[in-house]
Amino acid sequence: MLDAASNGDVRSLFHRYPGNPILTSSLWPYPVNAVFNPGATEFQGETLLLVRVEDLRGFSHLTVAKSKDGKTNWRISPGPTLQPDDGFQEEQYGLEDPRIVYLSEEGKYAITYVSFSGESPLISLAMTEDFNSFHRVGSLLPPEDKDACLFPRRFKDRFVLIHRPIIRSEAHIWMCFSPDLRHWGDHRVVIARRARWWDCHKVGLGTQPIETPDGWLIIYHGVRVAASGSLYRVGLALLDLEEPWKVMCRCDQWVLSPTTAYEQVGDVPGVVFPTGAVLDRNSNQLRIYYGAADKVVALATADLGEIIDFLKECRL
Ligand code: BMA
């Protein structure tokens, strides 16, 4: 069993990168308020982040940043990469919190993001081969919905979407299924919030699901509303490899919580919000990219083997 560290997180599972925060608004080539909650993937042998950028009106768009080692020397696109499209009214007030998977069947990257309509947020899907031109599939499900990601392949002939609708004020992680990426059904709750726990008010998918020989690793955020505001922490679960709607393990404890200055001070204090991960298959090191305090992008690393060992000790 792992011990609790002095900073309140599970010791030695996640290591904050000493150069954190890795991306800030002051590095941006154009004036912006905040850069956070990036989708992450490998692209042409580099790490590519699709960063949520909040402009000086308070609306978000997405901008690419690339790095050879995924830690340093980020090259930021000189202007926005994906902006709200007038032809899609649900995008009127911005695009937020992308997750990226490579759909090998399509030979394309699938980007699920939150579209902010005049009403409330919903999830949209866009496809790309090169992160230059994008084909919008459009909105997938009615609002209110956030924190969505596809699995990178079909299961029993159907695509699977993880998402987080809010229904009757309840915010659980759901799954649904589609033969064509357009029509979704068979809706079910997969990971529920836990009354009175650290993840009692909301749970939502964090990074894209990560395939391991032992199952799909799910890194999720859990929210508890405290007297001072909402505390966003990070938890883990493991889903069955062939039937990912079956949860095999879920940790009791959170594994990352807002403790550093850049996680405590920002536009929204007390937030660690992972949205992208890249696995270095040679070293088995997982790099988790997360938004800190809704202001900057930070990086934490972890050994995937240690994560899986830890998860297997957790009861459901
Ligand atoms: C969630 C999302 C995230 C944000 C987080 C903390 O509901 O809107 O974009 O980082 O709240 O404010």
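# A guided tour of the predicted model

Select Asp-85 to begin: this residue is partly exposed, with a relative accessible area of 30%. Keep in mind as you look around that the model is predicted.

**Stop 1: a bridge from Asp-85**

Which kind of link joins the side chains of Asp-85 and Arg-136? They meet in a salt bridge, with an N to O distance of 3.9 Å. Asp-85 sits in the loop between β5 (75-76) and β6 (95-103), while Arg-136 belongs to strand β9 (residues 134-139), so this pair ties together parts that are 51 residues apart in sequence. Arg-136 has 13% relative accessibility and counts as buried, because buried means under 20%. In general, side chains of opposite charge can pair when their charged atoms come close.

**Stop 2: two arginines, two bridges**

Select Arg-154 and Glu-105 next. Their side chains form a salt bridge at 2.8 Å, N to O. Arg-154 lies in the loop between β10 (145-150) and β11 (159-167), and Glu-105 in the loop between β6 and β7 (108-116), so parts of the chain 49 residues apart are tied together here. Both ends are partly exposed: Arg-154 at 29% relative accessibility and Glu-105 at 48%.

Move to Arg-153 and look for its partner, Glu-242. The closest N and O atoms of this salt bridge are 3.6 Å apart. Arg-153 is in the loop between β10 and β11, and Glu-242 is in the loop between β18 (229-239) and β19 (247-250), which puts the two partners 89 residues apart. Arg-153 is partly exposed, with a relative accessible area of 24%, and Glu-242 is partly exposed too, at 46%.

For a network, select Glu-46, Lys-68 and Arg-75: salt bridges that share partners join these three residues. How many salt bridges does a search of the whole structure find? The search finds 21.

**Stop 3: the nonpolar cores**

Now turn to the cores. In soluble globular proteins, nonpolar side chains tend to be buried together. The largest nonpolar core here has 35 residues, and those with the most contacts inside it are Leu-150, Leu-161, Met-175 and Trp-184. Select Met-175 and show what surrounds it. Leaving aside neighbours within four places in sequence, its contacts include Phe-151, Val-160, Leu-161, Ile-162, Leu-239 and Trp-245. His-163, Asp-186, His-187 and Arg-188 are also among the residues in contact with Met-175.

A second, separate core has 30 residues, including Cys-249, Leu-286, Ile-307 and Phe-310.

**Stop 4: helix α2**

Ile-307 and Phe-310 also lead you to helix α2 (residues 304-312), where Leu-304, Ile-307, Ile-308, Phe-310 and Leu-311 are buried. An α-helix has 3.6 residues a turn, so residues three or four places apart point the same way. At the start of α2, zoom in on Asp-303: one of its side-chain oxygens reaches to within 3.0 Å of the backbone nitrogen of Gly-305.

**Last stop: Val-32**

Finally, select Val-32, in the loop between β1 (15-16) and β2 (34-43). Is Val-32 buried or exposed? At 11% relative accessibility, Val-32 counts as buried. Not counting residues up to four places away in sequence, Val-32 touches Ser-25, Val-53, Glu-54 and Leu-56. To try your viewer's distance tool, pick the C-alpha atoms of Val-32 and Ser-230: they are separated by 24 Å, and the two residues are 198 residues apart along the chain.

Technical notes:
Residues are numbered from 1 along each chain as its sequence is written. This is a predicted model: local features need pLDDT of at least 70, side-chain atom pairs count only at pLDDT 80 or more; totals for chains, interfaces and linings use all residues. Side-chain values use heavy atoms; hydrogens and water are left out. A nonpolar core is a set of buried Ala, Val, Leu, Ile, Met, Phe, Trp, Tyr and Cys residues joined through side-chain atoms within 4.5 Å. Buried means under 20% relative accessible area, exposed over 50%, partly exposed in between (1.4 Å probe, protein chains only). Contact means heavy atoms within 4.5 Å. A salt bridge is a side-chain nitrogen of Lys or Arg within 4 Å of a carboxyl oxygen of Asp or Glu. Helices (H or I, at least four residues) and strands (E, at least two) are DSSP runs, numbered from the N terminus. A polar contact is a pair of N or O atoms within 3.5 Å; within protein, one must be able to donate a hydrogen and the other to accept it, and residues adjacent in sequence count only if both atoms are side-chain atoms.
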